[in-house]
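Please look over the sequence and the model shown here before reading on. The report that follows goes through selected elements in turn.

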Amino acid sequence: MTFETRSIGRRLTLLLAGVAALLSLLSWGMVTALAREATQRTQDNVLAASATTIAETLRSEQGEVRLELPYAAFSMLGAISEDRVFYRVTADGDTLTGYDDLPQPMAGRRGQIVFDTANYVGVPIRIASISRRILAGDGPVLVAVTVGQTRDGAGAIAAELSRLAAILSVAFFLVAVALSAFVAQTSLRPLNEIAAAVSRRGPSDLRPLERPAPADLAPLLTALNRLMARLGESISRSEDFIAEAAHRIRTPLATVRAQAEIALRTVSSEPEKDRLRRIIRAVDESSRSAGQLLDHATVAFRIEDLASDNLDLADLASQTVAAMDPTASMRDIRLHLQTASAQITGDAVLLETAIRNVLDNAIKYSPEDTTVTLTITRNESEACLTVMDQGPGLGDEPVAVLTERFRRGNNTDGIVGSGLGLTIAADVLRAHSGRLELTTAPNRSEGACVSLVLPLA
Amino acid sequence: MRYLLVEDNIELADAVIKRLAIDGHAVDHAITLSTAEDCLAAASYDLILLDVMLPDGDGRDFLARSRVYLETPVIVLTARSQVSDRVGALDQGADDYITKPFDFSELEARCRAVLRRRGGLVRNEVTLGPVVFDLLAGTLRDGDQTLELRSREIRLLEVFARHPGQILSKSQLMERLFSYDTAVTENAIEVYVGRLRRRIDGIGLRIETVRGLGYRIETSDP
């Protein structure tokens, strides 16, 4: 029945988690790039220092360029990693010392260090190169010092940092998802609280909801309250209408009946008396049907939203007996009640209606000067109110047929009835997870035995 | 007994008054709640029959209002047969309720039951020679001997008690004893009279058969 789209809470959580995932990915990428950049700069600085140190030992001696390779220039390179180191010193393009196939980047301006990345002996290396002019013999000589180093160490550091960044990003993402769920739940809480407040209410509680709510929910709350007000108004209007209609129909019926009964006493001719009796009978029939239709409507209405009061079946039975006793004693029918306390849960109005209908049937079909016995028995899980009369019994039709709407037994000649009594009782019991059992009294050749079975509280 | 009937339907009220008068009750009729208040201020009643929907208000509200000072038992006449409505009326202090349209014998039975329940306050006794007949309790007292009667015996004796020395025909008795729709023959009256005769045997009351006319109650005055 309820048409459900994806929950707001889940949608909000997913959305926030998506944003968190994007941010985590971005931050991981940035950290990785920065780590690579930082390790490269560190390597560059060391390479530059190394190249500069070598270049500073260059001097001209007797017209020749001389150099002493300082140990420190290489040891500082070894300090950062185990990477292989290559060098080359050239004077005017001729290699003075070192690996003469080491690529030499285009010399920049004098005194300035130039960096480059190249492939050497099959591995990528980072190169720093510095050039100087040295006066030697017949003129200035352009000397270039190039120091290269493989990049394993720097790469490893960058990869390590990137891995750390990845771990941190995942952790960040997980925390963000948890927070998103929490945030979604928190922001939906007022909504859930309103829903809970509405569903906690009793069936007939249509008062407006008065509770603090976030500004966003104010329109919803207002609409809900307006709906409840309209519903309450419509229910009370239809209740008033039923009451008014019943009054308007039944008061004239009562008048007809009363006047006919008075007339019955004053006329003496038997055919006229018979006619009057028929009038009274018709009035009774219509008012009884109206009453039971009303009962049936009430039952159908109340079953929708069943009240759950704590009740004692014995109290219900004795109240009903008290109400019906004057009617029964008019025909010298004794109501005999054998009670035992039996706690049940249910709707008092409905259960009394059910008992009243069953008892009313029993009285109606009992011959004069007999006894209707009401007995309450219980076992460990069920309470049972049995109404037994000394009437003609229920005939031989099955329960399902007898409790059909407007169905009357096949031995009801001459008794006013609408056929709704047992239907109402059966409906009420079904709504209380109980049942109606119909049998013909065990020890007599006659008599109906109707049991109302209810689960104990 | 003095009854107050609060009912705005004049036709119905008329019939009820007539019927109660047959039983020898005096009935004051109020069409509105304000008239009812005036009546209650002016006289005291044994029983109030109160309609629910009246031109100047709801009978149940009136009941709730006046219950504080009113000790008279009240039977509510309602058009609704919903249990919830009945519960409402009883909660507000009604002693019983009866659904319109009602059978006069049922109304009578309920009035009697309510008055009997209230006990003490109200007495309705008829002296029949040496015997005191308590119509509410349904007992016959002869000195210190008390005899309890059944519902139908009470009603039969009541008819005789209201017409001492008068001959009552079988059909007159039938009308009082049986609901209109019970299929009874005049033989049933003979059965009940016979039963009542046996019950009251030896306490100074006698039901005589007047051949061809009916029955008459005789008291053996001491």
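Which residue of β9(B) stands opposite B:Glu125? It is B:Asp134 that stands opposite B:Glu125.

## Basis of the report

This is a predicted model, in which local features need pLDDT of at least 70 and side-chain atom pairs count only at pLDDT 80 or more, while totals for chains, interfaces and linings use all residues. Residues are numbered from 1 along each chain as its sequence is written, and chains are lettered from A and ligands numbered from 1 in the order in which they are written.

## Chain B in outline

Chain B contains eight helices and 13 strands, where helices (H or I, at least four residues) and strands (E, at least two) are DSSP runs numbered from the N terminus. Of its 222 residues, 40% count as buried; a residue is buried if 20 or more other C-beta atoms, placed from the backbone, lie within 10 Å of its own, exposed if 12 or fewer do, and partly exposed in between. Among the contacts in chain B with a separation of 6 or more, 50% come from residues 24 or more positions apart, a contact being two residues whose C-beta atoms, placed from the backbone, lie within 7 Å.

## The two sheets of chain B

One open sheet of chain B has five strands in the order β2-β1-β3-β6-β7, with parallel pairing; strands pair if DSSP finds at least two bridges between them. Its edge strands are β2 (26-30) and β7 (96-99), each of which pairs on one side only, and the twist from one strand to the next averages 20°, with axes fitted as lines to C-alpha atoms (for helices over the stretch in contact) and angles running from 0 to 180 degrees between N-to-C directions. Strand β6 (residues 74-78) of chain B is joined to the parallel β7(B) by four bridges, and B:Thr78 stands opposite B:Thr99 in β7(B). Helix α1 (residues 10-22) of chain B lies across β1 (2-6) and β2 of chain B and runs at about 165° to β2(B).

The other sheet described here is an open one of four strands, in the order β8-β9-β10-β11 of chain B, with antiparallel pairing. Because β8 (125-128) and β11 (145-148) of chain B stand at the edges with a single partner strand each, one side of each is left without a neighbour in the sheet. In this sheet, too, the twist averages 20° from one strand to the next.

## Helices α6, α7 and α8 of chain B

Nine of the twelve residues of α6(B) are buried, so this helix is largely enclosed by the rest of the structure. Among the buried residues are B:Ile154, B:Leu156, B:Leu157 and B:Phe160, together with charged ones including B:Arg152 and B:Glu153. The buried residues of α6(B) pack against α6 (313-330) of chain A, and also against β9, α7, α8, β12 (205-210) and β13 (214-219) of chain B.

The axes of helix α7 (residues 170-177) and helix α8 (residues 186-199) of chain B come within 10 Å and cross at roughly 80°. The two helices are therefore roughly perpendicular to each other, where angles under 35 degrees count as roughly parallel, over 145 as roughly antiparallel, 65 to 115 as roughly perpendicular and the rest as oblique. B:Lys170, B:Leu173, B:Met174 and B:Leu177 of α7(B) make the contact with B:Glu186, B:Ile189 and B:Tyr192 of α8(B). By class, this contact has five nonpolar, no polar and two charged residues; Ala, Val, Leu, Ile, Met, Phe, Trp, Tyr, Cys and Pro count as nonpolar, Asp, Glu, Lys and Arg as charged, and the others, Gly among them, as polar.

## Where the chains meet

The contact between the chains takes 33 residues from chain B and 34 residues from chain A. On the side of chain B that touches chain A, the elements giving two or more residues are α1, α4 (83-91), α5 (104-118) and α6 (151-162) of chain B. That side has 14 nonpolar, eight polar and eleven charged residues.

## Two details of chain A

A:Ala342 lies in the loop between β9 (334-338) and β10 (343-346) of chain A, and counts as buried because it has 22 C-beta neighbours inside 10 Å. Beyond its neighbours within four places in sequence, A:Ala342 is in contact with residues including A:Asp312, A:Ile376, A:Arg378 and A:Leu456.

Strands β3 (residues 85-91) and β4 (residues 94-98) of chain A pair in the antiparallel sense over four bridges, with A:Arg88 opposite A:Gly98. They form a hairpin with two residues between them, and A:Asp92 in the turn has a positive phi of about 50°.
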